[in-house]
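The sequence and structure come first.

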Amino acid sequence: MELKALLKEGTSSRSISMIVPIFTHPFLPPMYVDPRWARPSVFHCFADYVFPEINDVENDFNNLVDCVNRASAGTTIDRYLAGLLTVVDNHIQRCGRLLFPDLLMYIDCLAYLCYASDLMTEREVNANYVKWLKFVVDKRRSKLYASSMFGPQPFAGSKNERDYISCL
């Protein structure tokens, strides 16, 4: 699948695109975006951290790009992080909370954006993924919830939190 966007850079715009890997499974009818290229390995288990559906990634990626295009921070990465925080805040405003797997999907979209815009190499994206995750967790921890088979649970003390801490 190809993600495309028009990214503003100062007074001009440029088109960016990235081919993102797709995950298919014989028991799962839809195709999913495979985020394992960017995510730390602790978040690779499909049973614990369901991979996002294609439409969700396209919508979230485009929303992130829109927020980045409106952000007015000094450096490019600061604009990207401001856009990420805006997307997270919009989600919290809509839902009253943010599930940890949804946060991972937003971080995935930031990873795609950093890579597609040539801001970072794959190695740099991998090195920064947990930093971006920590950035949002530190700022919005009170609205962050773990995902479990019993529904949303407090993040503190959850498996999601333990997996997150293992990456730090």
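## Loop residue Asp118

Asp118 is exposed, with a relative accessible area of 65% (exposed is over 50%, buried under 20%, partly exposed in between; 1.4 Å probe, protein chains only). Asp118 sits in the loop between helix 3 and helix 4 (122-140). Helices are DSSP runs of H or I with at least four residues, strands are E runs of at least two, and both are numbered from the N terminus. The phi of Asp118 is near 65 degrees, a positive value in a residue other than glycine. Most residues other than glycine have a negative phi.

## Basis of the model

This is a predicted model, in which local features need pLDDT of at least 70 and side-chain atom pairs count only at pLDDT 80 or more, while totals for chains, interfaces and linings use all residues. Residues are numbered from 1 along each chain as its sequence is written, and side-chain values use heavy atoms, without hydrogens and water.

Three strands form an open sheet in the order 5-6-7, with mixed pairing (a pair needs at least two DSSP bridges). Strand 5 (98-99) and strand 7 (151-154) are the edges, each pairing on one side only. Strand 5 runs parallel to strand 6 (residues 144-148), with two bridges between them. Leu98 has Leu144 of strand 6 as its bridge partner.

## Largest pocket

Helix 3 (residues 100-116) gives the most to the lining of the largest pocket, with three residues. Of the 14 lining residues, Val50, Phe51, Pro52, Pro101 and Asp102 are the closest to the pocket centre.

How values were computed
1 Å grid on protein atoms, 1.4 Å probe; cavity = no way out; pocket = protein on both sides within 12 Å on 5 of 7 lines; lining within 4 Å.
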